[in-house]
Amino acid sequence: MFDRRHTMPSKHVVVRGQVQGVFYRSSARDTANRLGVTGWVRNRDDGSVEMLVEGEDDAVDRMIAWAREGSPQAQVSDVEVSDTEPQGSRSFEET
């Protein structure tokens, strides 16, 4: 029997470059809300920004594409994406 349940993708994203102090997190939150993805974004001690992104395949892909550009003031040098276990987030939070 065909199982129609669809597990939404969950991605862990680490963004490096000039990504702190340039409205990257707030822009990520606004973009996530517009795309309908859930999860979180936060600064890391090493100067990078880390995100968990969950949602429909296309929306997650578009959020990752946004992460490669970032906010207008950001200068992204590297984006590392890996699969992760879904956390069942209900919103996208800036932490």
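Begin by selecting Glu-50, which is buried in this predicted model, with a relative accessible area of 10%. From there, move to its partner Arg-42, since the two residues form a salt bridge whose closest N and O atoms are 2.9 Å apart; Arg-42 itself is partly exposed, at a relative accessible area of 33%.

Next, select Arg-44 and Asp-46, which are joined by a salt bridge with the closest N and O atoms 3.3 Å apart. Arg-44 counts as partly exposed at 25% relative accessibility, whereas Asp-46 counts as exposed at 52%. With these residues displayed together, you have a single network, in which salt bridges that share partners join Arg-42, Arg-44, Asp-46 and Glu-50.

Now turn to Arg-25 and Asn-43, the positions at which UniProt, in an unreviewed entry, places the feature "active site". Although they are spread over 19 residues of sequence, they cluster in space, with a largest C-alpha distance of 7.9 Å. Arg-25 is found in helix α1, residues 24–35, while Asn-43 is found in strand β2, residues 38–43. Show their side chains, and you will find a polar contact between them at 3.4 Å.

To see what surrounds Arg-25, leave aside its neighbours within four places in sequence and select its contacts, among them Val-41, Arg-42, Glu-94 and Thr-95. For Asn-43, with residues up to four places away in sequence not counted, the residues touched include Gln-20, Ser-48 and Val-49.

Finally, select Arg-29 and Asp-30, whose side chains meet in a salt bridge at 3.2 Å, N to O. Arg-29 is partly exposed, with a relative accessible area of 27%, and Asp-30 is partly exposed as well, at 45%.

Note on methods:
Residues are numbered from 1 along each chain as its sequence is written. This is a predicted model: local features need pLDDT of at least 70, side-chain atom pairs count only at pLDDT 80 or more; totals for chains, interfaces and linings use all residues. Side-chain values use heavy atoms; hydrogens and water are left out. UniProt positions are given in the numbering used here, feature names are shortened, and annotations may be inferred rather than shown by experiment. Helices (H or I, at least four residues) and strands (E, at least two) are DSSP runs, numbered from the N terminus. Contact means heavy atoms within 4.5 Å. A polar contact is a pair of N or O atoms within 3.5 Å; within protein, one must be able to donate a hydrogen and the other to accept it, and residues adjacent in sequence count only if both atoms are side-chain atoms. A salt bridge is a side-chain nitrogen of Lys or Arg within 4 Å of a carboxyl oxygen of Asp or Glu. Buried means under 20% relative accessible area, exposed over 50%, partly exposed in between (1.4 Å probe, protein chains only).
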